[in-house]
Amino acid sequence: MALMSDQTSALGTPERPLRIAIVGSGPSGFYAAGQLLGDKERTVEVDVFERLPTPWGLVRGGVAPDHPKIKSVSRVYEKIARRPGFRFFGNVEVGRDVSHEELVSWYHGVIYAVGTAGDRKAGIPGEDLPGSWSAPEFVGWYNGHPDYRDLEFDLSGRRAIVVGNGNVAIDVARMLSLTEEELRVTDIADHAMEALISAGVEEIVVLGRRGPEQAAFTNPELLELGVMGDADVIVDPADLEVPADVREENLDQTARRNVEILHDYAAKAPEGRSKRIVLRFFTSPVEILGDGRVEAVRVVRNELVRGEDGRLRARPTGEEEILECSLVFRAIGYAGQPLPGLPFDERLGRIPNRDGRVVDGDRVVPGTYVAGWIKRGPSGVIGTNKKCATDTVTVLLEDLESGRLPAHEARPGDEIEAELRARDPELVLYEHWERIDAVEKAAGEPQGRPRVKLTTVDELLDAAGVRAASQAG
């Protein structure tokens, strides 16, 4: 039953604030919270739910440690968290500690901004051999994400292969190539820093199935390879020779600049540095080879062909070679994971929606919305999520005005906090996260680092002070 217009007009007042739950505390979740709390026409309260004890999502667990400027966007989120009406409920998992059905009954609306934590498979033989990893696993490991803290990567081999032609592939290649001096000033997890400093990897080969014009790198990421302390960037000039009939007809500015940068790399002679990053195009893995673990990758040379729809596709030529290696990283995309009580599109790896409204078949799921990668797929940069979240909030408010939000009274924030604490005494509020933040920064300061990350849930809960409180109770 929808709210009638007279009821709708009363919602969003100080006496009856609009109460919204946001599941996920990454960029899209915080941008949605900021948009709602900044509404000048309504009184809005936002409760942000996060599975981990820490907020910020990929800003903490996905952005490369040597990119502190990108991580500084967290200051924007800190300002949002200080606004009246904001609450943070960390260490709370939907499906474990609270159900979707409860959330939609407790709030006027629920926005899922959970991102896409899974990876996409290449679908080739040998993909599950030890030594074959997803890029998200490696990224989570070196960023100290608790889910990946205990993974063990054998970095003793000479060559690693990264499959993919986007920024994540570049991040993986760069992290394998940073010098000790470059690593020791970052917030990389300590276990990863020591492992990478002693790694034996000398060459990282990055494979792109299509050509340089289709590469998804951003210009800064590609340029960054050329200013590393001890790594040569190798590009075969032949890979940059694209036949006229299969050139992109309307290259955007980023792609044009990428091609220019690649030509610069191809024209530069190697300086004999200790690491080599080899960017290869028109090359796809066919099979990962090895007796009990990764030993090599069989790859095929591709050519570009234009389909009937005008789009360019990679077609194998049959020309193959074997590249010896001990590590393979898939950086070919992220995929979302199903959430209990919500529809899920297995093929696309995201929650089905129309303009941010969650749909189950042809039916709109009342009061339920999505924002960020789980809404549109893993694309864009951090700032892209701001518009995405704003669009979702706009749709939610349209539904409020038109009376399409569920007609029930929302539970007060204090009541929900008490309910969650009864279920989980180790509930993490924003003030507890601030304690974690202070502990990490204090540990990093003597070393000239932004922070020393705590990388297990137990360590985080201890620093938050909730572990002691729960055990005392």
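In this predicted model, Tyr142 has a relative accessible area of 0% and is therefore buried. Its partner Phe138, likewise with a relative accessible area of 0%, is buried, and the two rings form an edge-to-face aromatic pair, with 5.3 Å from centre to centre and 90 degrees between the planes. Both residues belong to helix α7 (residues 135-142), where a spacing of 4 residues separates Phe138 and Tyr142 by about one helical turn.

Across the whole structure, a search finds 16 aromatic pairs. One of them joins Phe30 and Tyr77, which are stacked at 5.3 Å centre to centre with 25 degrees between the planes. This pair links distant parts of the chain, since Phe30 sits in helix α2 (residues 27-37) and Tyr77 in helix α5 (residues 74-81), 47 residues apart. Phe30 and Tyr77 are both buried, and they belong to one aromatic cluster that also takes in Tyr31, Phe86, Phe88 and Tyr430.

An open sheet of 7 strands runs in the order β3-β2-β1-β4-β18-β17-β16, and its pairing is mixed. At the edges stand β3 (86-90) and β16 (353-354), each of which pairs on one side only. The pairing of β3 with β2 (residues 44-50) is parallel and extends over 5 bridges, and Glu50 stands opposite Gly90 in β3.

Side chains of opposite charge can pair when their charged atoms come close. The count for this model comes to 48 salt bridges. Among them is the bridge between the side chains of Glu224 and Arg174, with 3.8 Å from N to O; this pair links distant parts of the chain, with Glu224 in helix α11 (residues 219-224) and Arg174 in helix α8 (residues 167-175), 50 residues apart. Arg174 has a relative accessible area of 1%, and because buried means under 20%, this arginine counts as buried.

A second bridge joins Asp239 and Arg301, whose side chains meet at 2.8 Å, N to O. Asp239 lies in the loop between β9 (231-235) and α12 (253-267), whereas Arg301 lies in strand β12 (residues 296-306), so the pair ties together parts that are 62 residues apart in sequence. The two partners fall into separate classes of accessibility, for Asp239 is buried at 4%, while Arg301 is partly exposed at 23%.

Arg451 is in the loop between α16 (430-444) and α17 (457-464), and Glu440 is in helix α16, 11 residues apart, so that the pair is one that links distant parts of the chain. Here Arg451 is buried at 8% relative accessibility, and Glu440 is buried at 0%. Both residues also take part in a network of salt bridges with Arg60, Asp437 and Lys441.

Finally, what of the cysteines? A search of the whole structure finds 0 disulfides. Cys325 is buried, with a relative accessible area of 7%, and Cys388 is buried at 6% relative accessibility.

Terms used. Residues numbered from 1 in each chain as written. Predicted model: local features only at pLDDT ≥ 70, side-chain atom pairs only at ≥ 80, totals over all residues. Heavy atoms only, no water. Salt bridge = Lys/Arg side-chain N within 4 Å of Asp/Glu carboxyl O. Helix = DSSP H or I, 4+ residues; strand = E, 2+ residues; numbered from the N terminus. Buried < 20%, exposed > 50% of the residue type's maximum accessible area, 1.4 Å probe, protein only. Disulfide = S-S within 2.5 Å. Pairing = 2+ DSSP bridges. Phe/Tyr/Trp six-rings, centres within 6.5 Å; stacked < 30°, edge-to-face > 60°.
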